[in-house]
Amino acid sequence: MNDKIAAYVDAHRDEIIAMWEDLVNTESGSSMKAGVDAVANKVKAALEENGAEVRVLEHAEAGNGLVAQMPGGDKKPFLFLGHMYTVFNNPGETIRRPFTIDENGKVTGPGCLDMKGGVVIGIWVGRALKACGWSDRPIRYILSGDEEVGHYKSTNAKEILEESKGCVACFDCETSYDDNSTVSGRKGAIRFQVGITGIASHAGNDPKRGRSAILEAAHKVIDLQNLTDWDLGITFNVGNIKGGTVYNAVPGYCELDVDVRYQDPAHLPMIEKNVQETCAKTYIDGTSTEILNYMVTCPPFKETPEGFKLFELLNQTNQELGYGVLTHKYVGGFSDASYSTLAGVPTMCSVGVKGGFNHSPEEYCWKESIFERIKLLAACVMKIDVME
């Protein structure tokens, strides 16, 4: 069957690339609902062509998601996870940087790696298995339109958790790496804003009356960053500062956007207490500080014995197919693999196309890796009985 799968994939290389190109060139930044929904509609049509029954998860303020299932025997479904949008929200990004493959097989374009390539892999694994006569178990897909922003304007997190239950195993086709590594665990994430109110005044005529919200914020930035605890795996990052109006006015307001990563949910009360105590401290008399929109955006993707068993299957199969030795690592970036793991499903993440520099204009991946990974994941799905 592996030979049949490989022959099928090789015979459809142009179609695979065409689908990849079409999805990348469909502008779909996380705040571009119309574009994300357009990608979802294209993916829905491709899955229905595979024989899947598809349910659209419609959201008023976030990109739509999809839950789909290809029919199979009476065994537990195999699950593919992913997201259908990019982090690039500037209009015209796909015009400035369209999907391109150079003479060395290097692929560029917004989301080519993160993670339009992974979505294409999942679709074509199902297509290849069906075409080659394999239908031993159902194949389920859960694809979101707002993973990177923590599903904060949708019910996708709840849907992923519920729809993952009862699956035999899961591959999250997130971005993979040049060094043949995958991801076995990830940190959880918290996001919040800090709003600082001061007293605005003319910087030349009345500076003493002013109470600088930006100066107070400067102290808060240092204090928040210093809450990082490397030993516990807790990191704080003040990623954005917005404040003031004009250069010659003492600023009356400033806002900080803060990201926190953590490994252990048991640390959540301590993290929140530290944030509250830090923000309660005042350096500039006459200013006040408020914590806004404090939210745990994603739980950790925990490493589990069952997940490592799935990795061993993946690694063994990769070597059998002649693709070399795989490794796994623990990383700080979150993904929806957190929810499938919480649902009790053995999960491996970052098994998509191989490349680097995701979330940047330098994002790239390798053309051949999409064919390699379709063949690999299809072979693993056919051997997944060992997980039961």
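Me: Helices (H or I, at least four residues) and strands (E, at least two) are DSSP runs, numbered from the N terminus. Asn-50 lies in the loop between which helix and which strand?

Reply: The model is predicted: local features need pLDDT of at least 70, side-chain atom pairs count only at pLDDT 80 or more, and totals for chains, interfaces and linings use all residues. Numbering starts from 1 along each chain as its sequence is written, and side-chain values use heavy atoms, with hydrogens and water left out. The loop that holds Asn-50 lies between helix H3 (33–49) and strand S1 (53–57).

Me: Is Asn-50 buried or exposed?

Reply: Buried means under 20% relative accessible area and exposed over 50%, with partly exposed in between (1.4 Å probe, protein chains only). Asn-50 has 2% relative accessibility, so this residue counts as buried.

Me: What share of the contacts in the chain with a separation of 6 or more is between residues 24 or more positions apart?

Reply: The chain has eleven helices and 19 strands. Among its contacts with a separation of 6 or more, the share from residues 24 or more positions apart is 80%.

Me: What radius of gyration does the chain have?

Reply: The radius is taken over C-alpha atoms, and the globule rule is 2.2 Å times the number of residues to the power 0.38. The C-alpha trace spans about 80 × 45 × 35 Å along its principal axes. For 388 residues a compact globule would come near 21 Å, which agrees with the value of the chain, 23 Å.

Me: How many disulfides does a search of the whole structure find?

Reply: A disulfide is a covalent bond between the sulfur atoms of two cysteines; the search takes a pair of cysteine sulfur atoms within 2.5 Å. For Cys-112, the closest cysteine sulfur is 3.7 Å away in Cys-365, and for that reason too far for a bond. Cys-349 has its closest cysteine sulfur in Cys-170, at 8.1 Å, again too far for a bond. Over the whole structure, the number of disulfides found is zero.

Me: What is omega near for the peptide bond from Asp-114 to Met-115?

Reply: Met-115 is part of helix H5 (residues 112–131). The bond joining Asp-114 to Met-115 is cis, and its omega is near -15 degrees.

Me: Which residues does Ser-369 touch, not counting residues up to four places away in sequence?

Reply: Ser-369 is placed in helix H11 (residues 367–382). Its relative accessibility is 3%, so Ser-369 counts as buried. Not counting residues up to four places away, Ser-369 touches Val-353 and Lys-354.

Note on methods. Contact = heavy atoms within 4.5 Å.
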